[in-house]
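Here is a short briefing on one protein chain. Look over the sequence and the model, then work through the points by topic.

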Amino acid sequence: MRELIPWLRLIFRRPKRLVLGAVLILLTLLSGIGLLALSGWFITETALVGLLLAAGIQATINLYTPGGGIRFFAVARTVTRYLERVYNHDTVLRLLTDIRVALFERLALAPRLNRSGLTGAQWLSRLTSDVDALDTVYLRVIAPTALALAVTLLVLLGSALVFGVGPAAWLAVPLASAFLLSTVGTYWRTRQLAGRQSDRIEHLRSDVIEHLEGFAELTAAGRTGKHASRLLRQGLEANTDQARSDRRAGWHQAVSGLLINLSAVAALGFGLAIYQHQLISGPVLVMMPIVLLGLGEVYGMLPDAFGRLGATQASAARLNNLTSTELHRPEKHASSLPESTALLASDISLRHEHLPPILTHFSLQVSTGDRLGIIGHSGSGKSTLADAFAGLITPSHGELSAASCCYLTQQTVIFDDTLRANLLIGNPGANDTDLWRVLEALDLAGRFAETPEQLDTWLGSSGSRLSGGEARRIALARVLINPAPLLLLDEPFTGVDQKTASRISERMTPWLEGRTMIGFAHTSDALPGVQHLIHLAP
């Protein structure tokens, strides 16, 4: 269960919502049990009165009070169930937001090595299925378990008041057994199967996507049938494990239901003994067994939830593996920088885990307001050095301090949203005037001023409605509009012709005034406007 601890801490950051959601579930359960018990009492009472009247014995019954109580519990159950579903679904969506934001933050701060080695299908599984498995832990496992225990204690307390402490203790034995079978027993019997099933489903999903993506190549190689047969075998294995897990959970649910029924029979026996001494009436005698039978609804939701808990643990473990090495941004100690210095690297070495060093004994001091270019061939360590300056990786040796920065990575990222939304990522407080100014600087204002939507122009998936150069300039605009004093630009003019790059380099000058810029590229031609150059040896 250790895998779930980081995510449970995140979930419990909303205690008020969780408690209120649990109270609504409790009210729904109590309304259902109250409706069942009062209905049983009313049916028994009317039956006895009917028998007495048939025998010629005078008898009366109050139809209004119990009838009103039945209607109250029926309406209360409906209303609380509706409120519970609406409120707790909203809670789940909020928890989902918290989990995804926390996951993205941790992924952004984790070393790049942690984020490599996964296919697109595996990333899709991490960010959808695995996250979805976590957001219902509270509502499917924790809250129902706690409420089942609370309702059971209330029922046993009522039994003690009606039958006495001794009979209530006897009733506690089958109820406790049913509770343990529905929770701990189900989890213990299904955790390995559920975890293995979760892994198999992920592998199957990845292989199906790869099959579809590579269908043309498989067809050309004559391997389509064999590959499809392998997918069918994987699906059969996954279904077999799922069926086995469901059977085990089903048996635990059946035995749990049997124990609850036995407790109801035992309560009926205790009630008959008391009834013979005329300590309770017949209708009251019937109420307690019916209340115990109502626990079947409370316990019925537990085996399925605990049967899937192993899969939830597997999902949490996979997410933890992505972020286990680095959960916090390395401190860069900007306050320790000398005056008028934007970046200071002292004898740093950079390497990825289990790989040879990329850079060793590298030292650099960049003054505030400088425009520095760092050039080198592919593999010389430019992007790794940019990651280190941005604080994404920690030097294995030496010290590195930098001012607050904004980083244009080598990869251009455009979101499936409007131009305005993509630019505001860099500075959420920017107004339309600021956005048009930065677009004008990058020779893009005319391009979007001619469109009907202008700043609200939809850019498409990954900027599909843009050329490569336009997408790169929008990413660059997002960095320029950010107020950070240090700008790190890795290949800022990729996809932009030399003439346009020179023109926008001059227009960028007002945006760089008073700020420090460090550019990274293969040649100096790709970094117009820099004042100093550093060549990295291959």
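Aspartate 207 touches His227, Arg230, Leu231 and Gln234, leaving aside residues up to four places away in sequence. The model behind these contacts is predicted. Aspartate 207 sits in helix 6, and its relative accessible area is 14%.

- Is aspartate 207 buried or exposed? Aspartate 207 is buried, because its relative accessible area of 14% falls under the 20% cut-off.
- Leucine 204 also lies in helix 6, which covers residues 165–213.
- Leucine 204 has 16% relative accessibility, so this residue counts as buried too.
- With residues up to four places away in sequence left out, leucine 204 touches Leu231, Gln234 and Gly235.
- Leu231 and Gln234 are therefore contacts of leucine 204 as well as of aspartate 207, two residues that both count as buried.
- How far apart are the C-alpha atoms of leucine 204 and glutamine 253? The separation is 29 Å, for two residues 49 places apart along the chain.

**Transmembrane annotation**

- An unreviewed UniProt entry lists residues 18–41, 47–64, 137–162, 168–188, 254–274 and 280–302 under "transmembrane region".
- In the model, residues 18–41 are 100% helix and 0% strand. The end C-alpha atoms of this span lie 34 Å apart.
- Residues 254–274 are likewise 100% helix and 0% strand. Here the end C-alpha atoms are 30 Å apart.

**Largest pocket**

- The volume of the largest pocket is about 960 Å³.
- Its lining is made up of 25 residues. Which of them lie nearest the centre? They are Tyr407, Thr409, Gln411, Val413 and Arg478.
- Strand 5 supplies the largest share of the lining, with four residues.
- By residue class, the lining of the largest pocket has 12 nonpolar, eight polar and five charged members.

Terms used. Residues numbered from 1 in each chain as written. Predicted model: local features only at pLDDT ≥ 70, side-chain atom pairs only at ≥ 80, totals over all residues. Heavy atoms only, no water. Helix = DSSP H or I, 4+ residues; strand = E, 2+ residues; numbered from the N terminus. Buried < 20%, exposed > 50% of the residue type's maximum accessible area, 1.4 Å probe, protein only. Contact = heavy atoms within 4.5 Å. 1 Å grid on protein atoms, 1.4 Å probe; cavity = no way out; pocket = protein on both sides within 12 Å on 5 of 7 lines; lining within 4 Å. Points joined across faces, edges and corners; volume = space filled by probe spheres on them. Nonpolar A, V, L, I, M, F, W, Y, C, P; charged D, E, K, R; others polar. UniProt positions renumbered as here; feature names shortened; annotations may be inferred.
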